[in-house]
Amino acid sequence: MSGRSEYRGNKADNGGERRNEAGRERNRGGSGERGFSTTAPSARKRKADPARLTAWEVLRAVTADDAYANLVLPGRIRANHLDKRDAGFATELAYGALRGQGLYDAVLARCVDRPLDQLDPAVLDTLRLGAHQLLSMRVPSHAALDETVSLARMVVGAGASGLINAVLRKVAARELEAWIDLLLEDVADDVSAAALRYSHPEWIVRALRQSLVAHGREVTEINDLLEADNLAPVVNLVALPSLGSLDEAFENGAEPGTLAPDSAYYSGGDVSRLSSVRAGTTRVQDAGSQLVARALAGIQLPDGGRDTVWLDLCAGPGGKASLLAALAAERDATLTANEPTPHRAELVRRALDAVPEETWMVTVEDGRDFGDELNQGRFDRVMVDAPCSGLGALRRRPESRWRKTARDVAELTVLQGELLDAALRAVRPGGVVAYVTCSPHPGETVAVVQDALARNKDARLLDTAAALDAVTITGAAGAANPMEGGGSTIQLWPHVHSTDAMFMALFTRTETPAGT
Ligand SMILES: C[S@@+](CC[C@H](N)C(=O)[O-])C[C@H]1O[C@@H](n2cnc3c(N)ncnc32)[C@H](O)[C@@H]1O
């Protein structure tokens, strides 16, 4: 990557479409000129563009109500009757403004005459939307400004729209790269510089740098990783084995997946248009999640013994459980999918609905209880997709990076270790346990593995990298991390594999625990 890449916003979210209706925007066209309306804000049109209004409503729900953007957005798109193109624009605008919030706030702080926390939060959200359009979207400056001021008149009133007009004119005075250069003049170290440029909290930049090193990669990859977090992931589909088909997806322009078998990349918009997706036999699932489920199902049991009783200990909302259950059904095995939170357990039931019902059951228990005497040695294959910080899936939840704290990680590691211990008791000697996180953080990954091996003398780490490679289309995922004492773990990365940063360690048990 060249030394000077920029925060690029979220251009993939609308499939690269440009809006060109009257009063909307087209490609900036490379002239770099920034012409503005000479009409005073108070005299401009009052009606807000529905796509921008939708994005604003999403930001307000996130900021004021702690909502999740991906859950709020579809409802607002429907309520505002957006067509496909406007829905794409609203998505790019809302997600880009949320991802870029750290950088845009730094820019805005230079353009507002008071601390940002003294602004009405609704005004600040409007300014963030304006900044994203001006600095990172292919929207001509005059359209970005006029439309944002029109939006402001409607949602925060004429008085505030004057302030917004004045501030956004200052923002528009520089291109993004010039803003970054200016802001970097006050930044002394690499971590702060990367945090600013790629709009991440500093503690996350530090944690991801440590993660790269802990998994045998170069710390210099950090910029590529942070940049990948700012790109919208392409929708990945999986056809459930013996149940689903990708034919309809391919007819609608999907491309075959390059990592996971029977998968596809789909960029045709609303995926629920596909009847197999509606039927639940084809599912949206990140290729990394597909691979770890397939690796657990695919690895040969070390003793070649019984292989019919499978457990997914932390199953909600059911993504991996549905793939595991379909794989189990093909081999006359059954899957117990456990999820302690009742409403998430209901999501698991729905996810499993397309799989023959005699293949699976859902339980609603604390996963740690599976370590009790009743369950000891009961299962042949166990998935522990542990609750984690989600630092490997920041690109999916645009607001999440601003909500997480370093303390979240510390709190989760204890639970992660307890769940892995329970799984290592619930599996029979000669069976296999997969410990999985969608975080590369060393505290949640390699440290949990090492501590579990130290506590469970009958547990042995397997060659996880070989098991992953065996189910990868290319035959070599390039995610191996050999561990001292034997065996390996794997770490996938958004900037290398275009997947979430999934971690997996496969274990077996060599004998029944002492005392049983
Ligand atoms: C990373 S998610 C699992 C994702 C899921 N495997 C999938 O592919 O859709 C972790 C899940 O663990 C659940 N969980 C939290 N505490 C748990 C516990 N004590 N025992 C079992 N599961 C737990 C959470 O409710 C959450 O649904």
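In this predicted model, C438 sits in the loop that runs between strand β9 (427-437) and helix α19 (446-455). UniProt, in an unreviewed entry, lists C438 under "active site". Is this residue buried or exposed? With 25 other C-beta atoms within 10 Å, C438 is buried, since the cut-off for a buried residue is 20 or more. Its contacts, leaving aside neighbours within four places in sequence, are C388, G390, G392, A393, D500, A501 and M502.

In α20 (residues 464-471), the buried positions are T464, A465, A467, L468 and V471. Looking down the axis of α20, these residues fall within an arc of 160°, so they line one face of the helix. What do the buried residues of α20 pack against? Their partners are helix α14 (287-298) together with the strands β11 (480-482), β12 (488-491) and β13 (503-509).

On the scale of the whole chain, the domain assignment gives domain 1 (11-177), domain 2 (234-285) and domain 3 (287-509). Between domain 2 and domain 3, the C-alpha centres are 23 Å apart. Domain 2 brings 17 residues to the contact, and domain 3 brings 19. On the side of domain 2 that touches domain 3, eight residues are nonpolar, eight are polar and one is charged.

Key:
Residues are numbered from 1 along each chain as its sequence is written. This is a predicted model: local features need pLDDT of at least 70, side-chain atom pairs count only at pLDDT 80 or more; totals for chains, interfaces and linings use all residues. Domain bounds come from an automatic or database domain assignment. Two residues are in contact if their C-beta atoms, placed from the backbone, lie within 7 Å. Ala, Val, Leu, Ile, Met, Phe, Trp, Tyr, Cys and Pro count as nonpolar, Asp, Glu, Lys and Arg as charged, and the others, Gly among them, as polar. A residue is buried if 20 or more other C-beta atoms lie within 10 Å of its own, exposed if 12 or fewer, and partly exposed in between; C-beta atoms are placed from the backbone. Helices (H or I, at least four residues) and strands (E, at least two) are DSSP runs, numbered from the N terminus. The arc is that of the directions from the helix axis to the C-beta atoms. UniProt positions are given in the numbering used here, feature names are shortened, and annotations may be inferred rather than shown by experiment.
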